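Trainee: Could you take me through some local features of a protein model, giving the general idea each time and then the case at hand?

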Amino acid sequence: MIELSQPNLTKLEKNLVLKVLNSNKLVDGYYQDLAEKKIKGIIKAKYVAVTQSCSSALEIAAILLKLKPKDEVLIPSFTFTSTANAVVMRGAKPVFVDIDELTLNVDLVDLEKKITKKTKAIFVVHYGGFCTDMEKLLKIKKKYNLPLVEDAAHGFMAKYKNKYLGTYGDISAFSFHATKNIVGSQCGAIIINNKKYIANADIILDKGTDRKRLINYKDKKNITSFSNKKFYSWKNIGSEYRATELASALLYAQLLRIKSLQFNRSKVWNYYYDQLKKINSREFDLYNVPDTKIEQCFHLFILIFKSEYKAEKLREYLIKNSIYASFHYIPLHISSFSKKISSPIKLEVTEKIFKKIVRIPLHSSLNIRSAKYISDHIKKFFKKI
Ligand SMILES: Cc1ncc(COP(=O)(O)O)c(C=O)c1O
């Protein structure tokens with residue numbers, strides 16, 4: 001089976017992970033620091049911390065925003081559970097927003113309509129590593145004075161107007177899960193661009209303690225006595241959110257190889273695009289950058305069908321031929337859990353589109369031979385129907 005996603009690991013990743021094991025230093029270490037500095041250098045952010053996942057980074061964001069019961073947070077329904085979990089875990093209410101048919105990103109007209117006095121934040125998702133019109137979004141944010149969180153799980157290395165996604169929001173989250181373009185096994189990062197949120201971030205990342213101050217404290221001899229124990233006490237809620245050294249070493253190795261990893265993905269993406277647009281069919285559209293201000297990061301390749309039935313048939317046909325194909329995502333507002341926590345709503349575009357999506361394999365280990373095998377099968381499918 002050709003998998004939808006797969007990490008691309010070399011000797012470099014293995015060597016750095018082995019170095020960590022040989023060093024006996026499994027936390028707060030050298031690679032955590034290097035990975036954070038590398039990400040900071042690439043995207044030019046004020047604060048970066050590597051986390052256990054993008055989900056953790058989103059949870060930290062919700063704590064930093066001090067979300068509480070009865071607060072409303074605008075989020076797209078067309079996203080993964082983590083975006084909403086972060087909000088719901090604070091007792092706040094996710095208010096689901098529809099998506100735009102072209103970008104599959106949040107529909108800004110629907111978003112603005114849903115702002116009320118109870119709205120405390122906007123969470124957007126850069127679906128597929130594309131984004132909404134960020135200029136319009138920032139205008140809305142400013143008009144209603146709302147903090148913005150970017151769930152950039154798919155968006156590491158993507159840009160809008162030559163500025164990296166993840167640097168627009170007050171707080172942002174990246175995923176470096178094994179299914180993403182850059183992999184730290186299960187890993188992520190929180191990015192803070194608004195300095196008012198920085199002071200509390202380390203505390204939340206360190207299980208609610210000021211442990212970071214202890215680590216940075218120079219006069220280590222002087223903190224052994226109880227009366228001098230000024231650091232490492234309980235300051236706030238928090239959890240074990242920091243990435244381990246093993247994950248950080250793996251992530252750092254991938255960051256060093258980022259150009260070639262991204263190049264491989266773009267080669268396959270462009271190959272698919274060139275081949276599949278030759279298919280003379282009105283049955284589907286190829287999901288592509290709708291706006292020249294966006295530079296995508298080749299996170300995924302999808303076909304959007306006009307009919308649910310044909311999308312289902314293509315998925316079945318590809319799987320029968322050992323090519324993994326899937327839908328992506330099942331909207332949150334129609335889930336069984338959502339029915340327990342919020343009243344039913346209708347999101348026209350989200351509901352119309354989600355079953356018509358066919359996602360095909362795209363990862364940095366995929367070569368053009370496999371991409372040809374896949375696109376040839378898609379062409380054959382269209383000859384048969
Ligand atoms: C939009 C979105 N947000 C968050 C996540 C969670 O990422 P992680 O697995 O790093 O927690 C995902 C997972 O794919 C996602 O698609």
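Predicted model: local features only at pLDDT ≥ 70, side-chain atom pairs only at ≥ 80, totals over all residues.

Trainee: Where is Asn162 found, and what is its phi?

Mentor: Asn162 is found in the loop between strand S6 (159-160) and strand S7 (163-164), and its phi is near 65°, again a positive value in a residue other than glycine. Asn162 is exposed, however, its relative accessible area being 59%, whereas Leu104 is buried.

Trainee: Which peptide bond is cis, and where does Tyr329 lie?

Mentor: The bond from His328 to Tyr329 is cis, with omega near -5°, and the place of Tyr329 is in the loop between H11 and H12.

Trainee: How should I read a pair of aromatic rings, and how many such pairs does the count give?

Mentor: A pair of aromatic rings is described by the distance of the centres and the angle of the planes. Here the count comes to 21 aromatic pairs, by the rule that the ring centres lie within 6.5 Å. One of them joins Phe78 and Tyr329, which form an edge-to-face pair at 5.6 Å centre to centre, with 80° between the planes. Phe78 lies in the loop between strand S2 (72-76) and helix H4 (81-88), and Tyr329 in the loop between helix H11 (308-320) and helix H12 (336-341), so this pair ties together parts that are 251 residues apart in sequence.

For another geometry, take Phe174 and Phe176, whose rings form a tilted pair, 6.2 Å centre to centre and with 35° between the planes. Phe174 is buried, with a relative accessible area of 0%, and Phe176 likewise counts as buried at 0% relative accessibility.

Trainee: Which residues form one aromatic cluster together with Phe78 and Tyr329?

Mentor: The cluster is formed by Phe78, Phe80, Tyr127, Phe130, Tyr287 and Tyr329. A ring can also be considered together with a charged group: the charged end of Lys163 sits over the ring of Tyr168, 5.0 Å from the ring centre.

Trainee: Turning to helices, at what angle do H3 and H7 pack, and which residues make the contact?

Mentor: Helix H3 (residues 54-64) and helix H7 (residues 198-205) pack at an angle of about 130°, with their axes 10 Å apart, and the two helices are therefore oblique to each other. The crossing of H3 and H7 is right-handed. On the side of H3 the contact is made by Ile60, Ile63 and Leu64, and on the side of H7 by Asn200, Ala201, Ile204 and Leu205.

Trainee: Which residues of H4 are buried, and what covers them?

Mentor: In H4 the buried residues include Ser82, Thr83, Ala84, Ala86 and Val87. What covers the buried residues of H4 includes H3, S2, strand S3 (93-97), strand S4 (119-125) and strand S5 (148-152).

Notes:
Residues numbered from 1 in each chain as written. Heavy atoms only, no water. Phe/Tyr/Trp six-rings, centres within 6.5 Å; stacked < 30°, edge-to-face > 60°. Helix = DSSP H or I, 4+ residues; strand = E, 2+ residues; numbered from the N terminus. Buried < 20%, exposed > 50% of the residue type's maximum accessible area, 1.4 Å probe, protein only. Lys NZ or Arg CZ within 6 Å of the ring centre and 35° of its normal. Axes fitted to C-alpha atoms, helices over the stretch in contact; angles between N-to-C directions. Parallel < 35°, antiparallel > 145°, perpendicular 65-115°, else oblique. Left-handed = near helix turned anticlockwise from the far one by under 90°. Contact = heavy atoms within 4.5 Å.
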